[in-house]
Amino acid sequence: RSETQRHIHRLFRGSKVATTPHFSMDVVLNLLGQLRSGEMLLAVACYPYTLFVIGELIAWLWHPHDPAEDLTPWQITCALMNNIMLLSLFVIQHSGMKTPAFKQWVQPKVGNLERTVYTTCSSFVLHILMRNWQALGFVIWTLPTWSSLFLYVPWLCACFFLISALLCLDPFELIGIKQIFFMRDYGHSPSHYYSEKLRTFYSHVRHPVFLSVIMLMLAVRVMYIDRFLLLLFFITYMLGGTNVDEEDVKYVHENMKNKANELMRS
């Protein structure tokens, strides 16, 4: 076995279920050494902005802007058109940049920064959506004031699922740092070493963060029509890209059992 293969074997202390890579101390030291390169420095610099947008998203979903009242029909129409354009921009960016045609066009221009560019653009578009979203004052439902105490439970659960999903996705891989490291040292992205079941599962589901977003949007005492339409959009967008089958459920269940056993042993 070559030195490269032995090093990859040390990186992937994976189980039989999935060969998801993990960072070892050697990888961290190597990563710090590569920070002098422009690509790695740019990827690391974009990471705080992504975390900032995620934090602002949680706050925006939990405490939406106060809706405007006494709007004229023309103002309501303009607000709806504004929100529809923002959602269209989100769909075009989030799905369009994942198409093979766009990847083939952009990859020669950005090289190993492809994932960093995608994540940063997604964060930027989401930031634009939150800052320019126009709330409407039509109420769908209103819960009693005392219900606010109980709404903290689903809100905390949603935050937990959101953070857990980001950690399971590997923050270094999410922003594109790990892709740069692997492409330079091994000539392949981290996904090249995933098991076939894991790749199939990823191709059948949307981003798991969408489930947390939906839970955060439901955990409100007053639901306005613009938030309700946004909720329906996220549900439709998530279900439209989900094609989970029985094999995916078995894979997730087996993988969760292995992860639980690893935590108990540690």
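**Figure 1. The largest nonpolar core of the predicted model.** In this predicted model, the largest nonpolar core comprises 34 residues, and W60, F90, L230 and F234 touch the most other members. Two or more residues are contributed by each of the helices α3 (38-62), α4 (73-96), α6 (114-132), α7 (148-168), α11 (209-218) and α12 (225-240). Helix α3 provides the largest share of this core, with 7 residues. Apart from this core lies another, of 11 residues, which includes C46, I177, F181 and Y193.

**Figure 2. Surroundings of L230.** L230 is among the residues of the largest nonpolar core that touch the most other members. When neighbours within four places in sequence are set aside, the contacts of L230 are W60, L87, W133 and M217. One of these, W60, likewise belongs to the group of core residues touching the most other members.

**Figure 3. A nonpolar patch on the surface.** The patch consists of L80, M81, I84, M85, L229 and L232, which together have about 540 Å² of accessible area. Helices α4 and α12 each supply at least two of the patch residues, and α4 gives the most, with 4 residues. L229 is located in helix α12. The relative accessible area of L229 is 41%, so this residue is classed as partly exposed, a term that covers values between 20% and 50%.

**Figure 4. Helix α6 and its buried residues.** Helix α6 has 19 residues and reaches 27 Å from its first C-alpha to its last, close to the 27 Å expected at 1.5 Å a residue. Its buried residues are T116, Y118, T119, S122, S123, V125, L126, H127, L129 and M130. In an α-helix there are 3.6 residues a turn, so residues three or four places apart point the same way. The buried residues of α6 pack against α3, α4 and α8 (171-175).

Figure 5. C121 is found in helix α6. Because its relative accessible area is 29%, C121 counts as partly exposed; a buried residue would have under 20%. Not counting residues up to four places away in sequence, C121 touches Q93 and M97. C121 and Q93 are 28 residues apart in sequence, and their C-alpha atoms are 7.6 Å apart in space.

Technical notes: Residues numbered from 1 in each chain as written. Predicted model: local features only at pLDDT ≥ 70, side-chain atom pairs only at ≥ 80, totals over all residues. Heavy atoms only, no water. Core = buried A, V, L, I, M, F, W, Y, C linked by side-chain atoms within 4.5 Å. Buried < 20%, exposed > 50% of the residue type's maximum accessible area, 1.4 Å probe, protein only. Contact = heavy atoms within 4.5 Å. Patch = residues over 30% accessible without salt bridge, like charges linked within 9 Å, V, L, I, M, F, W, Y side chains within 5 Å. Areas by Shrake-Rupley, 256 points an atom, 1.4 Å probe, with all protein chains shown as cover. Salt bridge = Lys/Arg side-chain N within 4 Å of Asp/Glu carboxyl O. Expected span 1.5 Å × (residues − 1).
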